[in-house]
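Please open the structure in your viewer and keep the sequence beside it.

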Amino acid sequence: MGLFSNLFGGGAKKVEEANDANAQALKQFFKENLPSEYVNSAKYAISITRGDKGYEARINMDMGADGSTYDGFAKENFAELADWESERVFDLLPEPPVTVTIIFDMDFGGKNKVAMNRGRLLAK
């Protein structure tokens, strides 16, 4: 079994199961600390994975959740706004229950999605 797991992705990240207390604590942490317009959006989604360097949270953020429209925006406008907004939201987060790397998928609608790796938040 060890040989096959090494050959076929044994070291890969895996999506955490419902019985992982740390993953569940992270989901609750984000629900309580992210701005409500994002958390309450139908597009809000979070995926917690665990890899060699600990936990990673990938969070889909609906950038139109507050009623904003992005008609006339150019690609560079989306990248700039995604950088600014993801940094603002990241700075709002207190210490998580476990150390986690955060990636925001900033969803502006249509095919306009920008992934922002904001880095690690250290646990309390």
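Select D20 and N22 to begin: D20 caps the N-terminal end of α2, with a side-chain oxygen 2.9 Å from the backbone nitrogen of N22. This is a predicted model, in which local features need pLDDT of at least 70 and side-chain atom pairs count only at pLDDT 80 or more, while totals for chains, interfaces and linings use all residues. Residues are numbered from 1 along each chain as its sequence is written, and side-chain values use heavy atoms, leaving out hydrogens and water.

Next, select residues 21-33, which form helix α2; helices are DSSP runs of H or I with at least four residues, and strands are runs of E with at least two, numbered from the N terminus. Helix α2 has 13 residues and reaches 18 Å from its first C-alpha to its last, close to the 18 Å expected at 1.5 Å a residue; the expected span is 1.5 Å times one less than the number of residues.

Now colour A23, L26, F29 and F30, the buried residues of α2 (buried means under 20% relative accessible area and exposed over 50%, with a 1.4 Å probe and protein chains only). Seen down the axis of α2, these residues fall within an arc of 120 degrees, so they line one face of the helix; the arc is that of the directions from the helix axis to the C-beta atoms. On the face turned away from the buried side, find the exposed residues A21, K31 and E32.

Finally, display α3 (36-39), β2 (45-51), β3 (54-62) and β4 (100-107), which are among the elements covering the buried residues of α2 (contact means heavy atoms within 4.5 Å).

Technical notes:
Polar contact = N/O pair within 3.5 Å; in protein donor to acceptor, adjacent residues only side chain to side chain.
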